[in-house]
Amino acid sequence: MADQVKKPVGIMETVLRDAHQSLIATRMPTEIMLPIVDKMDKIGYHAVECWGGATFDASMRFLKEDPWERLRQLRDGFKNTKLQMLFRGQNILGYRPYADDVVYSFVEKSVANGIDVIRIFDCLNDIRNLQAAVDATNKIKKQEGRGEAQIALSYTLGDAYTLEYWADMAKKIEEMGADSICIKDMAGLLVPYKAEELVKTLKESTKLPIQLHTHYTSGVASMTYLKAVEAGVDVIDCAISPFALGTSQPATEVMVQTFKDTPYDTGLDINKLVEIADYFRPYREECIESGLMSTKVLGVNIKTLQYQVPGGMLSNMVSQLKEQNAEDRYQEVLEEIPRVRKDCGEPPLVTPSSQIVGTQAIFNVLMGERYKMATGEFKDLLRGNYGQTVKPMSEEVINKVIPGEVRHTERSAVATGHTEPELPGIEAEMKQWKQQDEDVLSYALLPQVATEFFKFRQAQQEKVDLAKADTKNNAYPV
Ligand code: CO
């Protein structure tokens, strides 16, 4: 191998975002992250992923933390390492399409508070829904010299998803002005030899760097990385071992040792990585003991390969069925999912399409008649409000669920009427809570969750102020 050209593979570390999202429902607080940041900064990672929709939501909803403040604190600590975030296209970090002014403002504030790379995806792979976020990132890059747009293809299987389809997507992404491409295999469906084929195809179709993101759920992920790296993939997403495997990513140390002394040698120091692992191990133990990390997410779940359903969707489904006292219908629902997916144009299953298809499948099974009832979101999907699917939707289902309704063909923001600037209205609605410009965006994405958080924040501040108050003179310090 010595005569081969060196092509070191980059490692993106996911422990501060996807790894804890996948294993402990995104509950890692900032105080666990900060003490190890300095050591992580000296590793030489390609990037550290630390922000996204679930981290944004969970930090306000459950941890009572300001996600923007977390980002600023991480930025302070990471002096040499790029910080990366995940961005849901026109839905930003939320659950509905926003007008372009919100997208632009969010991208600007993300970069201003510390993000370097924005990984943008759309749940239908309708790339028109990615353009505003890419343009916004390129605008900031021009102004600030910082900010990269990475477009993620939501990987899935089905008749429409041929190598030609992915090659064509890669070309379009390059034309859109993105800086790199990610294959986002949220379900762990990409098996090793298919990964080799796919990476080779993408490499032939585009000059952009290719990053691979997968989950260990189905048990094949490290083998997939091996074949993908041999085929020329540039960066792989890994998690430090205490937060690796199961529904999370392959372990960083394992991949580093796998490629050591090969042309793909990452150059990362295993001894330094062990120190990071040593730091997170007691926290992992704590999470297992408290039940936050369940053994259910740690093994191999072969059903994900069998039914092509992401692990997170399976666990959501189980809890939804439990609520209905219908856990015995699990197998039926599992078999219904691919049928519902076909009916609505065979979309990838990723937030929010995964929830939409999963919930509709449960309805179809529990109601005893398919599409007797449909959720509002499923109707919106049929109406074209999320954008266009690769395959046509079932006319029969459309006629049953939304008979006679207008169907849209525009990108999601236009299809849903979000064509005028939204921020001024949103700001007017929440101005009593505003302490920083970023608060307007938190409120825009999660109005209820943000309001609850703002109330909590105010109560905390008033308590602090009271303690500081000079009671003798009835005055507050200025
Ligand atoms: Co992921």
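Helices α1 (18–24), α3 (53–61), α13 (311–323) and α15 (353–366) each contribute at least two residues to the lining of the largest pocket, where helices (H or I, at least four residues) are DSSP runs numbered from the N terminus. The model is a predicted one, in which local features need pLDDT of at least 70 and side-chain atom pairs count only at pLDDT 80 or more, whereas totals for chains, interfaces and linings use all residues. Residues are numbered from 1 along each chain as its sequence is written, and side-chain values use heavy atoms, with hydrogens and water left out.

Pockets and cavities were located on a 1 Å grid over the protein atoms alone: a cavity is a set of points where a 1.4 Å probe fits but cannot get out, a pocket is an open set with protein on both sides within 12 Å along at least five of seven lines, and lining residues have an atom within 4 Å of a point. Grid points are joined across faces, edges and corners, and a volume is the space filled by probe spheres set on the points.

The largest pocket holds about 1600 Å³ of space and is lined by 50 residues, of which Q21, G312, M313, S315 and N316 lie nearest its centre. Helix α13 gives the most to this lining of the largest pocket, with nine residues. At least three residues of the lining come from each of domain 1 (10–295) and domain 2 (309–409), the domain bounds being taken from an automatic or database domain assignment. By class, the lining of the largest pocket has 20 nonpolar, 21 polar and nine charged residues; here Ala, Val, Leu, Ile, Met, Phe, Trp, Tyr, Cys and Pro count as nonpolar, Asp, Glu, Lys and Arg as charged, and the others, Gly among them, as polar.

The second largest pocket has a volume of about 160 Å³, and its lining consists of Y95, T351, P352, Q355, I356, T359, T375, E377 and Y386. To this lining α15 gives the most, with three residues, and by class the lining of the second largest pocket divides into four nonpolar, four polar and one charged.

Two cavities of 30 Å³ or more were counted. The largest cavity, with about 80 Å³ of space, is lined by R88, Q90, N91, F121, D122, C123, N129, T351, P352, Y386 and S412, and its lining draws at least three residues from each of domain 1 and domain 2. Four nonpolar, five polar and two charged residues make up the lining of the largest cavity. The second largest cavity has a volume of about 40 Å³; its lining, formed by Y155, T156, M186, A187, L189, Q308, P310 and L349, has six nonpolar, two polar and no charged residues.

Two features of the backbone may also be noted. Most residues other than glycine have a negative phi, and most peptide bonds are trans. A cis peptide bond, with omega about 0°, joins T351 and P352, and P352 lies in the loop between α14 (330–343) and α15. Phi of T26, a residue other than glycine, is positive, near 65°, and T26 lies in the loop between α1 and α2.

Helix packing was examined for α2 and α4. The axes of α2 (residues 30–41) and α4 (residues 67–77) come within 9 Å and cross at roughly 25°, which makes α2 roughly parallel to α4, as angles under 35 degrees count as roughly parallel, over 145 as roughly antiparallel, 65 to 115 as roughly perpendicular and the rest as oblique. Axes are lines fitted to C-alpha atoms, for helices over the stretch in contact, and angles run from 0 to 180 degrees between N-to-C directions.
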